[in-house]
Every structure is written in structure tokens, then in C-alpha cells.
Amino acid sequence: MIPPFSDSSLSSGRIIRNNSVKYCGQILSISRQMRATTLIIAVVTFLDVISPITGKACTVTSAICGFIVGEPTDFIIEVSEAVDPTSVQPSDLTVNGLPAESAVVINGNTTITFHFNTSPVVAGDNTMHIPAGAFDCGPPVDFTCTFLSNGIRPTPPRPRPTPRPRPTPGPRPVPLL
């Protein structure tokens, strides 16, 4: 059974007694079915008001998504809204299912650098993932991206050899004639 309405305002009129509604200045009699419909309209109206209150989702990006990389040990994540640094854990980011070993939040709390002691990247396809709600950055969002690796570790340039001192030649012997 639908409970009787109390004196409350609705978008379609104003309930004034158990079986009546005041609409456009006239008192109309309503049935139980109409009261249920009016209640549904009131709930929908209420829910329509709630949606603007909900915060905007935080977007998560990384510059390596979709690109070919070597074997990095640092993965830089950019977020559209500042994160609470205390909510960021190294295990929030996984690469190929392996969690990072450390995380640093910088740049006004909108950049997170996740570090691996050894690169988790393999030759071919790789997947980076942050689960929804991993850190505090607006409503929870799930982040997954793929990138390729050619499996080649960048080689640091070789230093030039240090010049060796050359011995100074002594005086040349004078030829005897």
C-alpha cells in the first residue's frame, strides 16, 4: 500500500491532503495509482537534480600509450584533477600485471611517476592499467592503455676515450757524413 502523502511540493502540483492535489489553483482528487505516479515523478525530478551535483570524472593519460618504446623503468601518468598524494600507492599502476615499486606525485598533484626497479616491459604488446578508484581523483575511472616495445634497451652513448699523453721526441741524432 502506498503511504499517504504529507504536505509537500512537487513539480506537477502541491499535495494538500491524502487524496487531493492543488494544481494551477484548483483542488483535484487523485487515486492511489495517480499518487504512485506523482511519487515516481517526484523521485525522477529529485534524481535529475542530483546529477549536476556529482563531480566530473578525472581523466588519466600517459604519453606512451599507443607508441613504441624501449624498456622504461619510469611510467609518467597525467591526471586532469589534482590527486590526494596520500591516496596514491605504487601498486595502483601495473604493467603487464606487475605492480610498480614506488610512486612520486608532482606538478601540483597532477603528475604521478611510477617507478620499477627492473623494467616490466616485454618485446611486443604491453598493457598498463590503473583500476577504478585506485586513487582519489574525482569519481572512479578505470585506465588501461597498450603500447609496443621493440625489446631494445636504449644504450647510453659511449664516452670518448681519454687522450693519452704522447712522449715528446728527444733530439734527433745528426747524421754523420
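**Figure 1. One cavity of 30 Å³ or more sits in this predicted model.** A cavity here is a set of points on a 1 Å grid over the protein atoms alone where a 1.4 Å probe fits but cannot get out. Points are joined across faces, edges and corners, and volume is the space filled by probe spheres set on them. The largest cavity has a volume of about 60 Å³. Its lining counts 13 residues (an atom within 4 Å of a point). Closest to the centre are Gly133, Ala134, Phe135, Cys137 and Val141. The lining holds 11 nonpolar residues, two polar and no charged. Nonpolar means Ala, Val, Leu, Ile, Met, Phe, Trp, Tyr, Cys and Pro; charged means Asp, Glu, Lys and Arg; the others, Gly among them, are polar.

**Figure 2. Ile112 lies in strand E11, residues 111–115.** Strands are DSSP runs (E, at least two residues), numbered from the N terminus. Ile112 counts as buried because its relative accessibility is 0%, where buried means under 20% relative accessible area (1.4 Å probe, protein chains only). Beyond four places in sequence, Ile112 has contacts (heavy atoms within 4.5 Å) with Phe75, Ile76, Ile77, Val83, Val88, Ala103, Val104, Val105 and Phe135. Ser62, 50 residues away in sequence, has its C-alpha 10.0 Å from that of Ile112.

**Note on the model.** Residues are numbered from 1 along each chain as its sequence is written. The model is predicted, so local features need pLDDT of at least 70 and side-chain atom pairs pLDDT 80 or more, while totals for chains, interfaces and linings use all residues; side-chain values use heavy atoms, without hydrogens and water.

Definitions and conventions
On a 1 Å grid over the protein atoms alone, a cavity is a set of points where a 1.4 Å probe fits but cannot get out, and a pocket is an open set with protein on both sides within 12 Å along at least five of seven lines; lining residues have an atom within 4 Å of a point. Helices (H or I, at least four residues) and strands (E, at least two) are DSSP runs, numbered from the N terminus. Buried means under 20% relative accessible area, exposed over 50%, partly exposed in between (1.4 Å probe, protein chains only).
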